[in-house]
Each structure stands twice: as structure tokens, then as C-alpha cells.
Amino acid sequence: MSEYVIRGGFPLAGEIDVSGAKNGALPLLFASVVADGACTYYHVPDIGDVRLALRILSEMGARVTRHDAHTVTVNARYLSPEAIPRHLTAGMRASSYLLGACLGRFGYAAEPLTGGCDFGNRPLNCHYGVFHALGAVGEGELHAPPGGLRGGTYDFPQVSVGATVNGIFAACRTHGVTHLHHCATESHVGDLIRFLNLLGADIRGGGTPDLVIRGRSDLGHTSFVVSPDEIEAGTYLLAGVASGGDVTVTGIRPCDLSALTNVLVRTGCLVDSAPDRVRVRRGENFRGVAVETAPAPGFPTDLHPPTVAALCFAAGKSQMTERVWQERFRYTSELAKMGAVFSREGQTLTVHPAPLHAASVTATDLRGGAALAVAALGTAGKTHMTGCELIERGYEDFTGKLRRLGADVSVLPVMSSCASGAGEESSEERQEKDGGDAGAPHGDGEG
Ligand code: EPU
């Protein structure tokens, strides 16, 4: 449990160094399951979801060595695909990556309970579609047929990051050649392909919707640097915009933020880019715009909620059309408690200009929680936010970074003897006590 009090209504200013990407780090960490040797990761974000992923891998028998807050080695040589800690996998969606990774490596996978943000139905039909195209049998429990999986062709009926990752995992150790069409092209899918090729995989077409994967019977060991988190970077830029400020994010490629910065230019914001940084200042005439989310290279759905929060301060109406998640609007009822006025028709939300005021609000999900913070930073008075542990699943040192921009944010001490995860001793924690080397911090990431 985590609660923030944000006193906003004045401009944020300064520079923020961007952490490694949550949605890039998670598939890379689960990719260690398909490797035969140890994988070392640098620039790993120190967030709840990463801590939870490392606990899951550790409980399944992987050796997890945390060198420092942002560097970790995972050796999954002795991981057992049967040993899924369902009480932990239920805390995150990315645990579904165990399906493809275990199927590819062991020819067997059991569906973990998955959780994560609640956007209504989050089906796995495309994941199973690609597994079955490779010859896997079953649902819930998947088995390779006698003789093992074989290369196949699958055309994803829906662009899906998770199903693309799982398809790649299953195919990279499968006999024969696999053709995958309509794959997700998010930059972290490209990173995953580069990582697997460094391990010895043969995956071509990275960065395009069509992948050709020649399966290999073994994959070695390697190291990899997690790319910067464009969603984190975008959130701080939007906090700057909401507060009328001047924020620079560093350690990020401007091209990874172009979908957002193109929108901000249309609102009248001033955007300056250099090779490793982006600076955004709110212009004199900050005006409403229409935005539509889409899979890459479109406007990222994960920036939808903080963008709407910033657009609450624009002159004139704005529109946000959500094309990836049907139910990503739950956060709007919390923003409405702060005076925001919305109307919705189908997948399109209209933001009507209205003055915001401080209120007590609750984070409904990770990015919805970040949106509330963005709105609170632009609003005079003290906003009290509960449910902020959801934000900490995906943003490293969220309140510390906001304070570095001059924000007045305090974290309230929460008196609870049954905080999430308390009382459970992970194998990692046991190994640490036993003098083992699994040194990941104790997870609290079951958001
Ligand atoms: N979909 C299907 N069938 C499937 C899989 C997906 O219909 O078998 C649909 C989903 O219902 C959704 C759309 O396809 O409407 C896209 O889902 P996708 O599979 O791409 O999402 P995901 O892999 O579960 C990842 C991120 C999300 C991000 C989406 C889209 C991780 C751990 N999660 O989810 O991140 O919104 O891709 O970019 O990488 C977040 O960080 O806040 C977050 C929710």
C-alpha cells in the first residue's frame, strides 16, 4: 500500500534521467528461460514488476544474482517448468511469457495465473494460436508433440506484443523455419530479437511485422542493456506540461518519443531534441488536440492516461480515441473527482475544458495512477492519492524523480501488518539467508 500527497499548481522544471523500460526488461528477463547459460542485464529498472519477475524466476529454480540496483544475472539452466508460483504470477501480465519460454525450452508449459492492469478481457487466443501452429497440443497445459515442435506459419489476427514475444520464444528453439506475420513492432520487441540473436538464435525481420525464425537446438549466454523507457520519459514530460513547466528527459532517443512530441507540437508546446534528450516547455497557447492510440509506430496506449491528464489544462476540447484496450478509461472517473469533465462515445473520450481542484483519488491501474499524479501536479491545493503501489510497479523512484523537478510530493507512511507479499518467504529470500547468491531485493510488486 502506498499513498501520496501532492501539492501542485506551480511549474516543474529540471532534468530527469530515464530508467530502463519496464516493458523491455520483462520479456528480456523471461528470455533467460530459453537460454542454456547465464544472461546478464544492465540498466534494469528497479521497479515492482521487475522484482516480482525475478522472484518468479527464482522460485522456479533460476539462480538470480543482483549485482546492484540495475544489474542482474539470471541463470535458468536448472529452472523447472512445473514449479510455477501461481501466487506470484497472478500479480503481473508478463508472467504469461513463461508459456512461450517454457514451451520453447522444455516442450512443456503450464499456463500461469496472470494479472496486471485491469482493462477488461485480456485474452490469450493469439498466444495459443501461434503455439498450436508450431504443433503444440493442449490449452492451459501445453505439450510438444512426439518429435518436438516444428516450424510453422502464423498470421496474428490481432497485433499483440505479448503473443509476438511468446511466438518468438516458442519458435526460436523449434526444429525448422517459422514465419510470423502481423507481429508487434514495438522497439522492445526489436531489442528482444537482438538479445536472442546474441544468444545464438536466428531471427530475421526485427522491426518489421514479418519475422522469419530458424530454430536452434541450443542457445548460449550473453549480456544486454535494457533500452530507456519512453513511457516513463513521456510521463515526466506530460507532468511538466500539466504544471506549465520546463522538463527535460535525458538518456532517451528522441525518435522513441516522436509519437508524443508530434502531439505536443500540435498543442503549441515547444519541443527541443538533442541526440540523447528531449526538452518540452508548455507554450503560451496550450490548446486541445485529437489523439488516437495504435500499436507501434502509432501513439502508445500506455501514454493515453497521462496525456489526457495533461490535456485537461488545455484551452478548448481534446479527444482521445483508444484503439488498443477497450476498457482503458477507468481512471477518468477519478480525474472527474478533481473536476475534469469528460464525455465518451464508443472508444473516443472528449475532454472538455474545466478548472481542476484538489481531491482525494485512487489509482485504478499503473498508467491511470500516473495520470492522477500528472493532473495533481497541475492543480493548486493538496491532492491525496491512494493505491500508489500500482504506480511503483512500473515507475522507478517516482516520487524522488518528481521531487528532483521541484514537485511537492510526500509519501504517507502506511500502517499495515498485511502489506502485499508480507509473510511470504521467497526462495530468493531463503537463498539469501542460506548464503546463496540470489540477491534481488524483496518484492512488493504484486500490484
Ligand atoms: N489481444 C487479443 N488476443 C491475444 C492477445 C492480445 O485479442 O491473444 C488483444 C488485447 O486484448 C488488446 C490488444 O490485443 O486489446 C493488445 O494486447 P497486447 O497483447 O499487445 O498487450 P500485452 O502484451 O498484454 C503489453 C504491455 C502493456 C501495453 C500493451 C500494448 C507488457 C508487460 N505489457 O501488454 O503495457 O499496453 O502491450 O502496447 O509489456 C503498461 O505498461 O501499462 C501496459 C499495460
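Colleague: Which residues of α6 are the buried ones?

Modeller: This is a predicted model, in which local features need pLDDT of at least 70 and side-chain atom pairs count only at pLDDT 80 or more, whereas totals for chains, interfaces and linings use all residues. Residues are numbered from 1 along each chain as its sequence is written, and side-chain values use heavy atoms, with hydrogens and water left out. The buried residues of α6 are G162, A163, T164, V165, N166, G167, I168, F169, A170 and A171, where buried means under 20% relative accessible area, exposed means over 50%, and partly exposed lies in between (1.4 Å probe, protein chains only). The helix is mostly covered, with 10 of its 11 residues buried; helices here are DSSP runs of H or I with at least four residues, strands are runs of E with at least two, and both are numbered from the N terminus.

Colleague: Why is α4 called roughly parallel to α6?

Modeller: The axes of α4 (residues 97–106) and α6 (residues 161–171) cross at roughly 10° and come within 7 Å. Each axis is a line fitted to C-alpha atoms over the stretch in contact, and angles run from 0 to 180 degrees between N-to-C directions. Angles under 35 degrees count as roughly parallel, over 145 as roughly antiparallel, 65 to 115 as roughly perpendicular and the rest as oblique, so α4 is roughly parallel to α6.

Colleague: What makes the contact of α4 with α6, and how do its residues divide?

Modeller: From α4 come Y97, L99, G100, A101, L103 and G104, and from α6 come V161, G162, V165, N166, F169 and A170, contact meaning heavy atoms within 4.5 Å. They divide into 8 nonpolar, 4 polar and no charged, where Ala, Val, Leu, Ile, Met, Phe, Trp, Tyr, Cys and Pro count as nonpolar, Asp, Glu, Lys and Arg as charged, and the others, Gly among them, as polar.

Colleague: What caps the N-terminal end of α6?

Modeller: S160 does, with a side-chain oxygen 3.4 Å from the backbone nitrogen of G162. S160 is also among the closest of the 24 residues that surround the ligand, together with N125, V161, D302 and V324, a residue being near if one of its heavy atoms lies within 4 Å.

Colleague: How do you know that H304 is buried, and what does its side chain touch?

Modeller: H304 lies in helix α10, and its relative accessible area is 0%, so H304 is buried. Its side chain makes a polar contact with the side chain of Y331 at 2.8 Å, which is inside the limit for a pair of N or O atoms within 3.5 Å; within protein, one must be able to donate a hydrogen and the other to accept it, and residues adjacent in sequence count only if both atoms are side-chain atoms.
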